[in-house]
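Let's take a friendly walk through a protein structure.

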Amino acid sequence: MIFAERMLKIDRRIIFLVIGLCTLLPLLYPVGLPIKISPEVRGVYDYIESLPEGSVFLLSLDFDPASKPELHPQSISLLRHAFRKNLRVVAMTLWVSGTGMADQVVTQVAREMGKENGKDYVFLGWSPGGTAVIMNMGQDLYGAFPADYNGKPTKGLPVLQGIANLRDVTYAVSLGAGNPGVEAWYVFGKDKYKFELGGGCTGVMAPGLYPLLRSGQINGLIGGLRGAAEYETLIGQKGKAIAGMDAQSATHLAIIVLVILCNLFYFSLRRQSAQ
Amino acid sequence: MIFLRRQVPLLITLITGLVFAAQYYIPHPASEQMLTSVTKWLQIIGGFALVLGVSSLFHVHAIKIRRKEAGWGYSFVLYVSMLGTIAVGLWSNGKEAVDGAMTSFGWIYNFMMVPLQGTMFAILAFFIASAAYRSFRARSREAAVLLIAAVIVMMGRVPLGEYLIPLSGDLSQWILNVLNASVRRAILIGVSLGTVALSIKIIFGMERSYLGGGKE
Amino acid sequence: MPIETIIGAWVATGLTLFIFSFLYKDNPLFKLAENLYVGVSVGYTIVKTYDTVIVHLIWTPIVKNGEWALLIPVSIGMLMLTRYVPKAAWLSRYAFAFIVGVGSGLAIPRVISSYILKQIEDTVRPLLVMVPGEGLSFTWNLLNPASSLNTIIILIGVSSVLFYFFFSVEHTGLGKVVARTGILFLMIAFGAAFGYTVMARMSLLIGRLTDLIEFTDLSYGRPSLWLLGLTILTLVVMSRRASHKPEEE
Amino acid sequence: MLVRVERQGWKTSVLLLMAVLIQPGSPVFAQYQDQTKTTLSPPQDIRAFDTPSDGGDSVTLIWAPAAYDSAATKYQILLSEGSAVDPAAMKVVAEFPANQHYVRESKWPWWTRPAAGDQHQFTLRNGRGVELKSGTAYSITVAAVLSDDRGIGMPVRVTPQPNWINWNQINNLVLALLFGGIVLYAIGRARTKEIFLRRIPGLDAVDEAIGRATELGKPILYLTGAHDMSDPSTIAAAVILGRVAKRTAAYETELLVPHRDPMTMAVCQEITKQAYLEAGKPDLYKDDSNFFITSDQFSYTAAVDGIMLRKKPAANFFMGAYFAEALLLTETGASTGAIQIAGTDSDHQLPFFVTTCDYTLIGEELYAASAYLSREPVQVGTLLGQDIGKGLILCILVAGTALATLGALLGAQWPQLFLDVFKDVK
């Protein structure tokens, strides 16, 4: 067995170990490389920045624990920004298994910013039907969510004053890990009810949302942990995303090196077998 | 009987399909009212669909336990954890937290469901790394192009990459925003034509696989 | 720190490590965690559905507000469940016919407007752009997504990929060139998706390891370290026992 | 009722089309008249009508531009219920700078545009302090305001009404009907005539792989994906399995099909049996070449990986829908040196298939391959219909870009007649 062949056949658990270390070490000993802001993320930030106090900001946390590391930091930053701008925050989720997490993040950030439930913000919880929920909210918000997460009737809540349906929402952001997510909010929401829409998503979803971004169907896109880190930089509050960026750098570099090695060995093998 | 079992469902699909496609073009309050009602109905039906979705699981594992098939112990674990979660959930009125204080249902959610689901997908990071080393080969010119684009994007999306090769950030931005967007747009258009074609076939009864269930 | 949080930290760490043990190989600890996961998440979904649908969307509106019309979706939902009664299973077709019919009807115009018209609208742009001070000109800036050069590239990309997925035309002559361009564009987009997916998966790992690092803290009783040792020990013992037994299969 | 409205609508749109074509050349001059006590002349040519194509509770005003249109001057919209004649008693419901709210800024396409682009327009809706109900008559007018000066136009009467058709979306409807017609026509054609489908190169690769497995005397592994039989990708995978099974029967190669769904397994058993029968080797068919493993994603993956390592199949086929398990499967397969062929519409997994497999059927190619093999009229017809649709869109893209460029070059408006039809205007 020649060298290249032997190298390709090494136990994959050794590679597992390399990746584990590449993640663990930067987390324990951070470097803190600067993070550049992309126009996609800035789109969302600038729009929220431009909103007058008291505008209605709808945040739909459409993800489950599987995407928590990417979308949880995004939701924290967005909520902090919205509360800091004194927007009226309406939070909800279309993913049943994300309900508890969504409630936690909204309550936690609201408490940290000294906001009052029912007056400054509301968490509507989850409702089944996916796209049907979006359409029903567009027709009649109180029909889709007769009660909020805590069981309080939504009708008469001060934070929802003057909001009958999605047409009265100034800005909606969907943090989506799949379907229903950002696309569903456009097709079944913005298309008819004409609110401004922004998106946040996992890395897996991000490339697929670029056509919508280009055509202005969404006015900004926060992609994955990197997007979250950019947003944390923009609002000037470091969180888990910035902390993870060094590990992200290290693992990417490791993968690139592995891909290059793989192809080096592969081509040397091919050349040898051709001879 | 065949009329009731086969024709009537197809007729229901035809009528509801045409009506709700037409609704989009009719702004009259009467038509809007209809949409309001039906979307609310769909929400409720969606709840039933969820129950239907998970119930096949009950069935599969119940058989496993009854027949004591290989690994039936795991099915038993599944049953116990499910029933336990339901019991605790109903006890806590289906709330994970009351005024910010965690309930026992919240405990199961936070310390069992969240780490389990999160880790399930985190193990993939390791497999990507191993595949990167063992199988991501430039077997053809196409695969080579793919790998080069992937490396550029991987470089451009992390601070270290932008620090080492400053151009990589702009380059990956261009790849995503122009090349990637154009391909995704074409795919989106193609898939949409497929969706519309499928919907039309469903409405006109040429596609019936959704009916399933029950003999003719 | 409250005792339930400490217990929680131990349970969460243990389950995380059980799942990570799959990296070594498929083993009973992993299978246990996997089944526990399915069980808990199904239980969770059932509780949430009950609380939201039965209590908030059905019971309260009907009993308190007298919205009797909601009995229609309830009966449609019930029809769906007849799937489990072999003799009445055909009744479930009515429910599916309704849902699929409404869904198809709703989809057609919305998909055309969002994914076809909007996408055509943004692709069809003049190749010459008004530049302040220069008048109408062709802009070469690659980094400006709206420049003329990028407009052409996008047009070529969209058209060639669309053409690649033509199945009733043979890819010969000029068609072959266009299809090959299409496949190159496709590969670049797949490359971008690949890079982003790698990023996403690594982020998930970072998230999980961050939690594990948090649980090495003394206030939790260092569950990460203890349980790591225990998991490794269990795996070693199990593989020893397996190697003593004759190979199955 | 509906028919009448429609006919009227058509007439209007034809008239409007003419108006648009004629108007841009003729300049509109502002007229100064000292009707009121102020020096500012009142807005001219005020027209008010029920906002077309909406659900009611809204009216639209059109008036001529004036010489004083600038950021300093303001326009006010005045409203009162009934037929008030005293403009002083009317309520101010909106105010904005006079150099805003032109018809050209609104999103109306040419077929619903109520006036030339240089005219002012304002759409007043119910809500936010404005009471505007369908079926009630109102008086409405515009006033121009510059510091203390105020010129009030002649009040006009208007009654908001709900409409039955949204004419702004009529292009969407036309496209839906056109494409629907194309699909139905294509399916009809496929039922009576043979439709040409190009051969998918991936199918040659399939034959090649089976050939190699036979040479090596090793089995073939075929997976049908994660979904059940209700998913089109699984159906396509099952159709292609029929083809593969026929070849393995002819070459007498062992076939392994592990399943995740009992129903899919039952269907695939039938398909395999049929294939062996057609190949004339029914005695070689084994019921247990299709076998059920488990429905759990990762346990299934681990089991299939185990089969790959033990039996070392010469060729692995991955058809249908896949999720995160895809990479785990193909990586193990690649490490055993098998020829791997994938076909999936799960676009999130395609990059991994392309880099780890020798041949990949991308997205719709999977359906095309299945239609090519099955020759089922509905499948083939749909494919043809979609091809015609794509062809049309391709033409629109090229022609549209050419026209838009020409429009920019000549500064002409007429290319919009074409471009507006393919816009999402609402």
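An axis here is a line fitted to C-alpha atoms, for helices over the stretch in contact, and angles run from 0 to 180 degrees between N-to-C directions. Please keep in mind that what you see is a predicted model.

**Helices that meet between chains**

Two packed helices are described by the angle between their axes and the distance between the axes. With that in hand, at what angle do helix 8 of chain A and helix 4 of chain C cross? The axes of helix 8 (residues 182-193) of chain A and helix 4 (residues 92-123) of chain C cross at roughly 105°, and they come within 9 Å. Angles of 65 to 115 degrees count as roughly perpendicular, so helix 8 of chain A is roughly perpendicular to helix 4 of chain C.

From helix 8 of chain A, the residues taking part are A:E183, A:Y186, A:V187, A:F188, A:D191 and A:K192; they meet C:R110, C:S113, C:S114, C:Y115 and C:K118 in helix 4 of chain C. Sorted by class, this contact of helix 8 of chain A with helix 4 of chain C holds five charged, four nonpolar and two polar residues.

A second pair also joins chains A and C. Helix 11 (residues 240-274) of chain A packs against helix 6 (residues 174-214) of chain C at an angle of about 125°, and their axes are 9 Å apart. That angle makes helix 11 of chain A oblique to helix 6 of chain C. The crossing of these two, helix 11 of chain A and helix 6 of chain C, is right-handed. Among the residues that make the contact are A:G244, A:A247 and A:T251 of helix 11 of chain A, together with C:M199, C:M202 and C:I206 of helix 6 of chain C. The residues of the contact of helix 11 of chain A with helix 6 of chain C comprise six nonpolar, six polar and two charged.

**A look at chain A**

Chain A contains 11 helices and six strands. Its C-alpha trace spans about 80 × 35 × 30 Å along the principal axes. Of the 275 residues in chain A, 65% are buried. Are the residues of strand 3 of chain A buried or exposed? Six of the six residues in strand 3 (residues 121-126) of chain A are buried, so this strand is largely enclosed by the rest of the structure.

**Strands side by side**

Strands of a sheet pair through backbone hydrogen bonds, either parallel or antiparallel.

| Strand | Partner strand | Sense | Bridges |
|---|---|---|---|
| Strand 2 (residues 88-93) of chain A | Strand 3 of chain A | parallel | four bridges |
| Strand 2 (residues 58-63) of chain D | Strand 5 of chain D | antiparallel | six bridges |
| Strand 6 (residues 138-146) of chain D | Strand 7 (residues 149-152) of chain D | antiparallel | four bridges |

A:V122 in strand 3 of chain A is the bridge partner of A:V90, while D:F122 in strand 5 of chain D stands opposite D:L61.

In chain D, three strands form an open sheet with antiparallel pairing, in the order 1-2-5. Strand 1 (47-50) and strand 5 (120-125) of chain D are its edge strands, each pairing on one side only. On average, neighbouring strands of this sheet are turned by 20° against each other, direction ignored.

Finally, look at the hairpin of strand 6 and strand 7 of chain D. Two residues lie between the strands of this hairpin, and D:S147 takes a positive phi near 45°. D:R150 in strand 7 of chain D is the bridge partner of D:V145.

Key
Residues numbered from 1 in each chain as written. Chains lettered and ligands numbered in written order. Predicted model: local features only at pLDDT ≥ 70, side-chain atom pairs only at ≥ 80, totals over all residues. Heavy atoms only, no water. Pairing = 2+ DSSP bridges. Parallel < 35°, antiparallel > 145°, perpendicular 65-115°, else oblique. Left-handed = near helix turned anticlockwise from the far one by under 90°. Contact = heavy atoms within 4.5 Å. Nonpolar A, V, L, I, M, F, W, Y, C, P; charged D, E, K, R; others polar. Buried < 20%, exposed > 50% of the residue type's maximum accessible area, 1.4 Å probe, protein only.
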